[in-house]
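Trainee: I would like to learn how to read a protein model step by step. Could you show me where to begin?

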Amino acid sequence: MDFSTQLDDLQQRAADAKTSAKAAVSESRDQLRQRIDQAKVEVDQKATDARQQVDEAAADARSKWAQLKADTAAKLDDFDAKIDRRADQIDANLAASQADGAEADAADAIDFAAWTVDNARLAVLDAIDARVYADELATTVGS
């Protein structure tokens, strides 16, 4: 299994997210909406891909991963609903409170992503160790 390629892809996604966030800070609300809409399309596509993987997956581990992606898609739907509600509200204090909540959600998502990366690293190392051990046993048995 080529974990390096997957980790390179993950690193590129993180770099893209960072670039997008930096650019978004100086954009108008309309530009931000366009950026959000594009990100939603991309996440929706990945969620669709994940749902297809769920349908094709037989292994329990893949099922759990696909469920995590599906849960993420559900959170995105909730995010969409929050954005729609926010557009209809005028109260500045409420908007500030929602902004605080959105920032907290973003911080939580970053923390979750970091946790996920740490766990992915552990899983990769465990998989490599399991393969090395299996190969050693095969060599020992074959001798």
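Mentor: We begin with the helices and strands, which are runs assigned by DSSP and numbered from the N terminus, a helix having at least four residues and a strand at least two. Please keep in mind throughout that this is a predicted model.

Trainee: How many helices and how many strands does the chain have?

Mentor: The chain has four helices and zero strands, and if you follow it along the sequence, the pattern reads α-α-α-α.

Trainee: What share of the residues of the chain counts as buried?

Mentor: A residue is called buried when its relative accessible area is under 20%, exposed when that value is over 50%, and partly exposed in between. Of the 143 residues in this chain, 8% count as buried. The accessible surface of the chain comes to about 11100 Å², and 56% of that surface belongs to carbon and sulfur atoms.

Trainee: What can I learn from the contacts between residues that are apart in sequence?

Mentor: Take the contacts in the chain between residues at least 6 apart in sequence: 52% of them join residues at least 24 apart.

Trainee: Is K40 buried or exposed?

Mentor: K40, which lies in helix α2, residues 29–56, has a relative accessible area of 16% and therefore counts as buried. Leaving aside its neighbours within four places in sequence, K40 is in contact with L76 and D80, and a polar contact of 3.0 Å joins the side chains of K40 and D80.

Trainee: How should I think about charged side chains in general?

Mentor: Side chains of opposite charge can pair when their charged atoms come close. By the rule used here, the count comes to six salt bridges. One of them is formed by the side chains of R35 and E27, with 2.5 Å from N to O, and R35 is partly exposed because its relative accessible area is 28%.

Trainee: Which side chains does K82 meet in salt bridges?

Mentor: The side chain of K82 meets that of D78 in a salt bridge of 3.8 Å, N to O. K82 and D78 both lie in helix α3, residues 60–87, where they are four residues apart, about one turn of the helix. D78 counts as partly exposed at 40% relative accessibility, and K82 counts as partly exposed at 29%.

The side chains of K82 and D105 also meet in a salt bridge, at 3.3 Å from N to O. K82 lies in helix α3 and D105 in helix α4, residues 92–142, so this pair ties together parts that are 23 residues apart in sequence. D105 is partly exposed, with a relative accessible area of 38%.

Trainee: Which residues form a nonpolar patch on the surface?

Mentor: L7, L10 and V117 form such a patch, with about 210 Å² of accessible area together. L7 is found in helix α1, residues 3–24, and L7 counts as partly exposed because its relative accessible area is 38%.

Key:
Residues numbered from 1 in each chain as written. Predicted model: local features only at pLDDT ≥ 70, side-chain atom pairs only at ≥ 80, totals over all residues. Heavy atoms only, no water. Patch = residues over 30% accessible without salt bridge, like charges linked within 9 Å, V, L, I, M, F, W, Y side chains within 5 Å. Areas by Shrake-Rupley, 256 points an atom, 1.4 Å probe, with all protein chains shown as cover. Salt bridge = Lys/Arg side-chain N within 4 Å of Asp/Glu carboxyl O. Buried < 20%, exposed > 50% of the residue type's maximum accessible area, 1.4 Å probe, protein only. Contact = heavy atoms within 4.5 Å. Polar contact = N/O pair within 3.5 Å; in protein donor to acceptor, adjacent residues only side chain to side chain.
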